[in-house]
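Dear colleague,

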Amino acid sequence: MLEILLPILAVYLIIINLVAFVLMFVDKAKAAKGKWRIPEKTLFLPVLLGGGIGGVAGMQIFRHKTKHWYFAIGFPAILVVEYILLAFVIFKFLF
């Protein structure tokens, strides 16, 4: 069972992190052009669903939303919680 769940979890995490990263890129590009923006709750959703690495990376690489405290503190805080949960799940299944 574990040999099935871990690859599925890995693929899910890769996809959700890519989604978070791309959303940050698209919102930054739209902001630069003065176009319609992606709602902030939409930017937070994939990060809350496991895309903390992609969200933080997108925020830093594209220098987007770094001056908003709820992004600058929220994304890394969510990422830390995700690491703790992931470590708990892995150790629970492995030991």
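The largest pocket is lined by L9, L13, N17, G50, G52, I53, L79, E82, Y83, L85, L86 and V89, a pocket being an open set of points on a 1 Å grid over the protein atoms alone, where a 1.4 Å probe fits, with protein on both sides within 12 Å along at least five of seven lines, and lining residues having an atom within 4 Å of a point. Two or more lining residues come from each of α1 (2-33), α3 (52-61) and α5 (74-94), and α5 supplies the largest share, 6 residues. The lining divides into 8 nonpolar, 3 polar and 1 charged residues, where Gly counts as polar. The space in this pocket is about 220 Å³, taken as that filled by probe spheres set on the grid points.

This is a predicted model, in which local features need pLDDT of at least 70 and side-chain atom pairs count only at pLDDT 80 or more, whereas totals for chains, interfaces and linings use all residues. Residues are numbered from 1 along each chain as its sequence is written, and side-chain values use heavy atoms, with hydrogens and water left out.

As for the protein chain as a whole, its secondary structure comprises 5 helices and 0 strands, the helices being DSSP runs (H or I, at least four residues) and strands likewise (E, at least two). The C-alpha trace spans about 50 × 25 × 20 Å along its principal axes. Of the 95 residues, 29% count as buried, that is, under 20% relative accessible area with a 1.4 Å probe.

Best regards

Note on methods. Buried means under 20% relative accessible area, exposed over 50%, partly exposed in between (1.4 Å probe, protein chains only).
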